[in-house]
Amino acid sequence: MDSINRMAIELVDEALDFAGELGIEGYELDSGATVIDFGVDADGGVEAGMLLAEIQTAGLATVQTRMGEVAGTPRPHVELSTDRPALALLCSQKAGWELTFDDFDGLGSGPARALVGEEEEFHHLGYYDEFDLTVLSVESIDLPTDEVAEHVAETTDLEPSAVFLPTYATGSLVGSVTGAARAAELAVFNLFEAGYDPTNVLSINGSAPLAPVSYDESVAMGRTNDAVAYGGRVHVTVSEDFDDFDRAISTAGPDYGVPFEQLFEDADWDFGEVDPDVFGPAQVTVDVVDGPTYALGETDEDVLADSFGL
C-alpha cells in the first residue's frame, strides 16, 4: 500500500495550485510549515470543502454533492464513498489528535496520525505510515501558530518545513461540508468500538445534509453534529455477520432526539461527558455478503428542521 501521506500531499498541492479559485489561502510560517486557510479568515466554499474531505481521507474516498430535502425544503447533501474504509476513515479521516496550547485549541485529522500510530486503530490494523511530508487537517477558530506546527513536526519526527496544516472553523462552509462527510466514518468507528473488525467492511457509502453556516461556533457544532445524527444515511457492505450492527447508529444512544447544542450545553461543552452512542449516522443499512441485510435506525426531520431554522 502506498503512503497515505504521499497521496494526501498530492491533493494539498492541487489545493495550493487552485487556491484563488477555491477561495482559500496558503502561507508559510516562520518555522517553514505551511498553513492553508480553508475557512478561518478565508471564505472557502463547497468545492474547497469537498477537496479537504478528500485530503482528510488521503484520496481514498470519492466526495460529491447532490440535492435532497430536509423538512420539505431543498438542501444539498454531501456523499462520501470508499472501498478502503478502514484505511481511509479510521487511519486518516478520524479526528483523533487534540491540539491544546496556551493560545490555540484545535482538533486534528488526516494522515499525519498514521506517522504517529498511537491510537488503537493502528495497532489493530497494523498500519503505520512512513513519508517525508505530512498533512494534518485542523479544525479550529484560529489559524495554527509555529508552536502548533513544531509540535506536529516533533511528534511525526519530521522537520517543520515538511508539515502542511489545512485549517477551517466548524462555522464555515468548509466546516459544514467536512462535517457532513463524516457519516460513514462515524459508522465504521462505532462498529470498531463495538468489537467488529473494520477489515470486514468491504465498502461504505454515506451522506448527510449540509448544515447552514453559523459563525457562532456553538451553533455550528450543534448543527453539523445534528446533520449526521438526525439526517445521516449510510450503506455498508461487509464480509462477516455481527450481533451488534445497531451500535453503528445514533439512535443507539438514550439521548437520541435531543439537539446537539443542548447536549453540549448540558455537558458544559465537555465532549467527554456526552454519551458517545449519540455520535453516529441516523440510518445504516448493512448488506452481509451471502447473508442477511439489516435496516437500522431512522432520521428525525423535526430535530433537523429546528436545528437548521426551517
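Which residue stands opposite S81 in β10? Keep that in mind as you open the model, which is predicted.

**Stop 1: the sheet**

Select the six strands in the order β3-β4-β10-β11-β12-β13. They form an open sheet with mixed pairing. Now go to its edges, β3 (62-70) and β13 (293-297). Each of these two pairs on one side only. Look along the strands: neighbours in this sheet are turned by 15° against each other on average, direction ignored.

Next, colour β4 (residues 73-82) and β10 (residues 201-209). The two run antiparallel and pair over six bridges. Pick S81, then look across to β10: the residue opposite is N205.

**Stop 2: the aromatic cluster**

Select Y230, Y256, F260, F264, W269 and F279. Together they form one aromatic cluster. The model has nine aromatic pairs by count. One of them joins F264 and W269.

W269 is partly exposed, because its relative accessibility is 32%.

**Stop 3: helix α9**

Show α9, residues 183-193. How many of its eleven residues are buried? Nine are, so the helix is largely enclosed by the rest of the structure. Highlight the buried set: A183, A184, E185, L186, A187, V188, N190, L191 and F192. Just after α9, stop at G195. This glycine takes a positive phi of about 105°.

**Stop 4: E119**

Finish at E119, in the loop between α5 (112-116) and α6 (120-125). Its relative accessibility is 17%; buried means under 20%, so E119 counts as buried. What does the side chain of E119 make a polar contact with? Show the side chain of R113: the polar contact spans 2.9 Å. Then select K94, G96 and R113 together. These are the residues in contact with E119 once its neighbours within four places in sequence are left aside.

Note on methods:
Residues numbered from 1 in each chain as written. Predicted model: local features only at pLDDT ≥ 70, side-chain atom pairs only at ≥ 80, totals over all residues. Heavy atoms only, no water. Helix = DSSP H or I, 4+ residues; strand = E, 2+ residues; numbered from the N terminus. Buried < 20%, exposed > 50% of the residue type's maximum accessible area, 1.4 Å probe, protein only. Polar contact = N/O pair within 3.5 Å; in protein donor to acceptor, adjacent residues only side chain to side chain. Contact = heavy atoms within 4.5 Å. Pairing = 2+ DSSP bridges. Axes fitted to C-alpha atoms, helices over the stretch in contact; angles between N-to-C directions. Phe/Tyr/Trp six-rings, centres within 6.5 Å; stacked < 30°, edge-to-face > 60°.
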